[in-house]
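Me: I would like to learn how to read a structural model feature by feature, with the general idea set out before each particular case. Could we begin with charged side chains and work outward from there?

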Amino acid sequence: MAIGFSTRAIHNGEEPDFRAGASGDVAVPIHLSTTFARLKAGSPTAGYEYTRSLNPTRKALEEKLASLDGAKYGLAFSSGLAAASTIIISLLKAGDHVIGFDDLYGGTRRLLSNVFVNFNISVSYVDATVPENIEKAVKPESKLIWIESPTNPLLKIADIRAIAKIAKKHGLILVVDNTFLSPYFQKPLDLGADVVVYSTTKYIGGHSDALGGSVVLNNEEYYKKIAYNQNAVGAVLSPFDSYLTLRGAKTLAVRMEQHQKNALALAEFLQKSPKIKRVLYPGLKNHPHHDIAASQTTGFGGVLSFELEGTLADAENFLSKLKLFSTAESLGGVESLAEIPAIMTHASVPKEVREKNGISDTLIRISAGIENTEDLIEDFRKALE
Ligand code: P1T
């Protein structure tokens, strides 16, 4: 029988070491050493040479992360954007074209549109909720498709299986940023994705205390290229942050269940309020892509967005009234957060693009933490009054 998700989250990568001289730690130690001594110059000790190339704490995390997605390979980076950059550097070259979802984390869009464009990598953004839009955007120089599902911050859903078929048909690499659902709720490799990327800063780390990113995949050729550049470029996760991420990942399943419970309760509560224009949460039956989401995930996650009636000032005022939700960027930690994408996480997206896509000034994004549900609802009830 296959080992369950939480069992893997707790044990994989952290099997106690019983070899002579080892201490049998049940939690992998933080190996801070940047270099590893050898008895003989030509023989690295247990494969370790230098921490940028490989570190025992990071290796434990990489094994755990691969196991959570049921992947062959896992790699850990210093941030989600470092992971994204290393994928692009490894799999693309000047002249290549990327097709991106028109709703992506603002930093990912900035990376593609403002950084890699300088290296002659072009990008077209399409509404990937309609898979045919991706097919229509394919050019002879297209090489890669980059999607999130659900997207940040509009919680749009892409039919990953359908897009994987299009990718295969045209020989394109499908990258899925699975940060919002984590491998607990969605496993894009099983749906046909080639490469899965995470900001482990979010749910996998889970405690808003360790920045990090990861890549998991089964394709050996892509793995070798990305692993080569993990060392060659050097945006690796530190031993301490690897430890924190290992620690966080162990409780991913129980946290995700409570995040989801709180997000659904808030979404249902907000839907009833006349002060709210619209609520975006794929777990709501009236979400336009609820059925597709349900067909490819085992849950809908802990992030929701909603649009308030009024102005930016009203949205700012509303956030200042919340007591349990810190007004802050990021998501996926145990504590609840709220933010205004237009002036925070997506401020780097040009205003006309934001407006065209539906990121209005009164759109508020919530990362539901794992506090008691009733307390979060009560906080919202008071703030809305
Ligand atoms: O922040 P970093 O670890 O570099 O990860 C970037 C990133 C990548 N992908 C998604 C879907 C993300 O949401 C992020 C980071 N997002 C935020 C900081 C935010 O508040 O949306």
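Reply: A salt bridge is counted here when a side-chain nitrogen of Lys or Arg lies within 4 Å of a carboxyl oxygen of Asp or Glu. Please keep in mind throughout that this is a predicted model. With that criterion, Glu378, Arg381, Lys382 and Glu385 are linked in a network of salt bridges.

Me: How many salt bridges does the structure hold?

Reply: The structure holds 19 salt bridges. One of them joins the side chains of Lys93 and Asp96, with N and O 3.5 Å apart. A residue is called buried under 20% relative accessible area and exposed over 50%, with partly exposed in between; Lys93 is therefore exposed, at 54%, whereas Asp96, at 6%, is buried.

Me: Which parts does the salt bridge between Arg365 and Glu339 tie together?

Reply: The closest N and O atoms of Arg365 and Glu339 are 3.3 Å apart. Because Arg365 lies in strand β12 (residues 363-367) and Glu339 in strand β11, this pair ties together parts that are 26 residues apart in sequence. Both Arg365 and Glu339 are buried.

Me: And where do Asp361 and Lys351 lie?

Reply: The side chains of Asp361 and Lys351 meet in a salt bridge at 4.0 Å, N to O. Asp361 is in the loop between α13 and β12 while Lys351 is in helix α13, so the pair ties together parts that are 10 residues apart in sequence. Asp361 counts as partly exposed at 29% relative accessibility, and Lys351 is likewise partly exposed, with a relative accessible area of 42%.

Me: How many residues of α3 are buried?

Reply: In α3, 10 of the 12 residues are buried, so the helix is largely enclosed by the rest of the structure. Among them are Gly80, Ala82, Thr86, Ile87 and Leu91.

Me: Which residues are the closest to the ligand?

Reply: The ligand is surrounded by 18 residues, and the closest are Asp177, Thr201, Lys202, Ser330 and Arg365. The protein covers 92% of the 480 Å² of accessible area that the ligand has on its own.

Me: What should I look for in the backbone angles?

Reply: Most residues other than glycine have a negative phi, and most peptide bonds are trans. Here the peptide bond from Ser149 to Pro150 is cis, with omega near 0°, and a cis peptide bond also joins Asn152 and Pro153, where omega is about 10°. Pro150 is found in the loop between β4 (142-148) and α6 (160-170), and Pro153 is placed in the loop between β4 and α6 as well. As for phi, Asn120 has a positive value of about 60° although it is not a glycine; Asn120 sits in the loop between α4 (106-115) and β3 (122-126) and is exposed, at 52%.

Me: Is His346 buried or exposed?

Reply: His346 is buried, with a relative accessible area of 0%, and its place is in the loop between β11 (337-339) and α13 (351-357). The side chain of His346 reaches the backbone oxygen of Leu104 at 3.2 Å, and a polar atom of the His346 side chain lies 3.2 Å from the backbone nitrogen of Gly106.

Me: Finally, which residues make the nonpolar surface patch?

Reply: Ile30, Leu32 and Phe240 make a nonpolar surface patch of about 290 Å². Phe240 lies in helix α9 (residues 239-249) and, at 44% relative accessibility, counts as partly exposed.

Conventions
Residues are numbered from 1 along each chain as its sequence is written. This is a predicted model: local features need pLDDT of at least 70, side-chain atom pairs count only at pLDDT 80 or more; totals for chains, interfaces and linings use all residues. Side-chain values use heavy atoms; hydrogens and water are left out. Patches are made of residues with over 30% relative accessible area and no salt bridge: like charges are joined within 9 Å, nonpolar side chains (Val, Leu, Ile, Met, Phe, Trp, Tyr) within 5 Å. Accessible areas come from the Shrake-Rupley method with a 1.4 Å probe; for residues, only the protein chains shown count as cover. Helices (H or I, at least four residues) and strands (E, at least two) are DSSP runs, numbered from the N terminus. Buried means under 20% relative accessible area, exposed over 50%, partly exposed in between (1.4 Å probe, protein chains only). A residue is near a molecule or strand if one of its heavy atoms lies within 4 Å of it. A polar contact is a pair of N or O atoms within 3.5 Å; within protein, one must be able to donate a hydrogen and the other to accept it, and residues adjacent in sequence count only if both atoms are side-chain atoms.
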